[in-house]
Amino acid sequence: MDLVQLAERIADIEARAGADLKAVAAIDALRGLESNVLGKQGSLGLLIASVKQFPPDQRGQVGKLLNEGKTRIKGLLDARMAELQTAAHTDNADDAAAFDPTLPGVAAAMGSVHPVTAVQWEVERLFERLGFTVEAGPEMETEYHNFEALNIPATHPARDMQDTFWLTNGMVLRTHTSPVQHRAMKKFGAPLRVIAPGRCFRYETIDASHENTFHQIEGLVIDRDIGLPHLIAMAKTLLAEVMKREVELRVRPGYFPFVEPGIEIDMNCRICGGAGCPTCKQSGWVEILPAGMVHPNVLRAGGIDPEQWSGFAFGLGLTRLAMMKYGIRDIRVLNSGDLRPIVAPARLGGPIVWPE
Ligand code: DAH
């Protein structure tokens with residue numbers, strides 16, 4: 001064999017290896033092919049062993065040819081190995097076997113809108129469709145706005161209906177959103193339709209259904225010939241919309257100094273379905289919408305002539321409504337930093353996952 005023949009033999013081995021490589025689909029098979037070519041007994045291995053057949057003055061050339069051939073073949077084998085390893089990682093049969101779909105998954109911590117905020121937004125959208133303006137008032141109120149403008153003079157026993165946080169500057173933390181009624185009347189005059197969502201504060205002993213900080217949505221409609229039927233129809237629409245079903249309502253007389261007549265609109269307790277539970281104080285009903293026809297004194301204080309105009313007002317218990325909607329039994333979790341109660345986002349319509 002001369003140098004030319006040797007070069008041809010090497011080229012042959014390289015071409016064969018290249019062709020065989022294409023058919024190799026498994027890493028083991030590739031290793032087999034490698035040893036068939038490069039191993040001591042392999043096609044190139046045997047050729048390398050034959051170096052000594054060449055005369056000493058040619059061995060340098062021979063060695064060079066063989067080494068270059070070996071490097072090229074090794075390159076082909078390595079490239080194919082890399083391909084096979086990548087493929088094995090992508091759909092590794094071992095990984096698939098290690099994945100047990102029956103094990104509980106790892107829950108991803110996800111932020112979501114607070115349930116009270118979610119219901120507030122929902123109510124705002126509804127009223128905006130009905131032509132209402134959304135107003136806000138201050139949480140720190142004057143005594144005048146929180147009481148007097150609402151027909152609750154200083155000597156009025158109704159001042160004791162609400163346990164008030166008095167501030168050292170003589171103002172109060174508003175006990176309800178009703179002061180926004182007065183602000184809205186002054187701002188817009190009649191006719192008007194506004195709602196005013198917001199935080200309210202009371203000096204309460206806290207339990208499962210009482211908080212010192214809670215949310216209401218005040219509503220006020222003033223127009224010609226407004227009567228109780230308008231109010232009750234609106235209450236039905238509002239509660240059915242938020243609860244996503246027909247809601248059973250109960251209407252009772254109620255006393256609030258700023259309305260005459262005053263009513264309490266109750267809804268069927270969603271926590272117990274009406275059977276009675278601690279959230280509804282065993283009555284099966286939840287006071288959700290105190291309301292009434294705006295008292296002439298309140299209209300007058302707002303600069304509106306009660307001979308010309310009439311209106312209704314309501315103070316939706318937003319926090320309570322959120323509890324009803326999402327089945328939240330304990331009001332305290334709403335203001336706590338306890339993230340365990342996981343509220344499924346409203347848009348997913350999911351229930352509360354409640355920690356026991
Ligand atoms: N402000 C009252 C409260 O917080 C609720 C209320 C009752 C609001 C009757 C009204 C109303 O607008 O008409 O206890």
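Two residues are described here as touching, or in contact, when heavy atoms of the two lie within 4.5 Å. The structure is a predicted model, in which local features need pLDDT of at least 70 and side-chain atom pairs count only at pLDDT 80 or more, whereas totals for chains, interfaces and linings use all residues. Residues are numbered from 1 along each chain as its sequence is written, and side-chain values use heavy atoms, with hydrogens and water left out.

With these conventions, Ala208 touches Met323, Arg329, Asp330, Ile331 and Arg332, where residues up to four places away in sequence are not counted. Ala208 itself is placed in the loop between strand E4 (192-201) and strand E5 (213-223); helices (H or I, at least four residues) and strands (E, at least two) are DSSP runs, numbered from the N terminus. Between the C-alpha atoms of Ala208 and Val37, which are 171 residues apart in sequence, the distance in space is 80 Å.

The chain as a whole contains twelve helices and eleven strands. Its radius of gyration is 41 Å, whereas a compact globule of 356 residues would have a value near 21 Å; the radius is taken over C-alpha atoms, and the globule rule is 2.2 Å times the number of residues to the power 0.38. Taken along the principal axes, the box filled by the C-alpha atoms is roughly 125 × 45 × 40 Å. Of the 356 residues, 44% count as buried, and among contacts with a separation of 6 or more, 66% are accounted for by residues 24 or more positions apart. The chain exposes about 19200 Å², of which carbon and sulfur atoms supply 55%; accessible areas come from the Shrake-Rupley method with a 1.4 Å probe, and for residues only the protein chains shown count as cover. The mean positions of the 37 positive and 43 negative charges lie 4 Å apart, where Lys and Arg count as positive and Asp and Glu as negative, while His and the chain ends are not counted. The place of each charge is taken as NZ of Lys, CZ of Arg, CG of Asp or CD of Glu.

The largest nonpolar core has 43 residues, and those with the most contacts inside it are Met234, Leu238, Leu289, Phe314, Leu316 and Leu321; such a core is a set of buried Ala, Val, Leu, Ile, Met, Phe, Trp, Tyr and Cys residues joined through side-chain atoms within 4.5 Å. The elements that give two or more residues to this core are helices H6 (115-129), H9 (228-243) and H11 (318-326), together with strands E5 (213-223), E7 (259-268), E8 (285-294) and E9 (310-317). Helix H9 provides the largest share of this core, with seven residues. Leu316 touches Val123, His215, Gln216, Ile217, Leu238, Leu239, Ile288, Leu289 and Leu321, again without counting residues up to four places away in sequence. A second, separate core of 20 residues includes Ile152, Met185, Val298 and Ile304.

Arg320 lies in helix H11 and, at 30% relative accessibility, counts as partly exposed. Gly303, in the loop between helix H10 (296-301) and E9, is exposed, with a relative accessible area of 63%. The C-alpha atoms of Gly303 and Lys186 are separated by 6.6 Å, although these residues are 117 residues apart along the chain.

Several features of the backbone remain to be described. A cis peptide bond with omega of about -5 degrees joins Ala190 and Pro191, and Pro191 lies in the loop between helix H8 (179-188) and E4. A cis peptide bond also joins Glu260 and Pro261, with omega of about -5 degrees, and the place of Pro261 is in strand E7. Lys244, found in the loop between H9 and strand E6 (249-254), has a positive phi of about 60 degrees although it is not a glycine, and at 58% relative accessibility Lys244 counts as exposed. Lys281, in the loop between E7 and E8, has a positive phi near 50 degrees and is likewise a residue other than glycine; at 58% relative accessibility, Lys281 counts as exposed.

Conventions: Buried means under 20% relative accessible area, exposed over 50%, partly exposed in between (1.4 Å probe, protein chains only).
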